Amino acid sequence: MLIGEVAQRSGVSARMLRHYESLGLVRPSGRTGSGYREYSGEDIRRIFHIESLRSLGLSLREIGRALDDPGFTPSALVGNLIRQTRERIAAETELLTRLRRIDAAQPAGWEDVLQVVALLQALGSKSADARQRAALSSAEEVPVPVEALVEAALSETEPNVAGALRWALARSGDGAPALLAEGLGSPVAAVRERAVRSLAELPSGEATRLLRDALANPDVVVRGHAALALGVRGVADVVPTLIDMIVEGRNDTDAADALSVLASDAATADQIATRIVDRLAHDTAEAPARGRLTQALAGIPGTRASRALVELSHDLDRAVALTASYLLQLRDAR
């Protein structure tokens, strides 16, 4: 079979067949009387083998070894190809993500594109100062895409930078809550905490809804931060969770502050005082927990809380009695 017919049947151009021949990959078995290359059936099978191996990403040199070296084993080569392919996919995915984020910023010109690229690079910098500056500058004319801010916030370990990123997210628009909610399901506890703390600083109704959902999260830290944020927003449903936090000593000062915010409503204040008294009367809490519950009554106005403090001023636990007496003096001085 002549080269033109082989090219037509195999889909490999005559030029490429000649290149294969120059590399020693394919050697036509014969020549016609006129000197034209003539390929046998075995030659054609080898061409198809070459094309099959090329489809796996092997170089022509590697293909020559695979076909001609009887001691050649494919396992190491295939493993190397898998590694290279994964690295290439990761690089392409990273590039695609960067391009999508630039597109999301809706740049008006190349200056805007360059500014977004610089901000994205700064967010990934090893320098905490550079990351913080990028977060604080995200509210400028060409903002950092919210997806990039969320990714940075969920991975940030430096407290000052994390605070700047949460500030930026609170000003980033409507896309942040849903992205942060995905972080609540992370297998990494630190990521879950960063997600709920970021949600807590978002002012939207969507963030409030997601924080309500987070009250059922299996992570006690997530539940606690959600309860604190909702308490400050006036969601009375979190009172039991806040009292539990005081008993357990988890962010108990913040929990007491959240209860005092909720207690601005007289009816809610009496309900909170009643719940605290019930925990003091019926709970088997240890002395430190009883002390924390007594202190929490300081921020609860109303006659129910005052009566509770009077009763506690005679408590058998001297520390509780002294605390209650002191709080009563403060109330009388107001």
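What is the accessible surface of the chain, and what share of the surface belongs to carbon and sulfur atoms? The accessible surface comes to about 18,800 Å², and 52% of this area belongs to carbon and sulfur atoms. The structure is a predicted model, and the values below were computed from that model.

## Overall architecture

The chain contains 19 helices and two strands. Its radius of gyration is 35 Å, well over the 20 Å that the globule rule gives for 334 residues, so the chain is more spread out than a compact globule. Taken along the principal axes, the box filled by the C-alpha atoms has dimensions of roughly 120 × 50 × 30 Å.

Of the 334 residues, 38% count as buried. When contacts between residues at least 6 apart in sequence are considered, 53% of them join residues at least 24 apart.

The chain carries 39 positive and 44 negative charges. The mean position of the positive charges and that of the negative charges are 6 Å apart.

Helix H1 spans residues 3-10, and its buried residues are Ile3, Val6, Ala7 and Ser10. These residues cover an arc of only 100° around the axis, which puts them on the same side of H1. The face turned away from this buried side carries Gln8 and Arg9, both of which are exposed.

Several elements contribute to the cover over the buried residues of H1, including helix H2 (14-23), strand S2 (37-38) and helix H3 (41-54). Just after H1, Gly11 adopts a positive phi of about 80°.

## Thr32 in the loop between the strands

Thr32 is located in the loop that lies between strand S1 (30-31) and strand S2. Its relative accessibility is 24%; because buried means under 20% and exposed means over 50%, Thr32 counts as partly exposed.

Leaving aside residues up to four places away in sequence, Thr32 touches Leu2 and Glu38. Glu38 belongs to strand S2 (37-38), one of the elements that cover the buried residues of H1. By contrast, the C-alpha atoms of Thr32 and Ala130 are separated by 72 Å, and these two residues lie 98 residues apart along the chain.

Terms used
Residues are numbered from 1 along each chain as its sequence is written. This is a predicted model: local features need pLDDT of at least 70, side-chain atom pairs count only at pLDDT 80 or more; totals for chains, interfaces and linings use all residues. Side-chain values use heavy atoms; hydrogens and water are left out. Helices (H or I, at least four residues) and strands (E, at least two) are DSSP runs, numbered from the N terminus. The radius of gyration is taken over C-alpha atoms; the globule rule is 2.2 Å times the number of residues to the power 0.38. Buried means under 20% relative accessible area, exposed over 50%, partly exposed in between (1.4 Å probe, protein chains only). Contact means heavy atoms within 4.5 Å. Accessible areas come from the Shrake-Rupley method with a 1.4 Å probe; for residues, only the protein chains shown count as cover. Lys and Arg count as positive and Asp and Glu as negative; His and the chain ends are not counted. The place of a charge is taken as NZ of Lys, CZ of Arg, CG of Asp or CD of Glu. The arc is that of the directions from the helix axis to the C-beta atoms.
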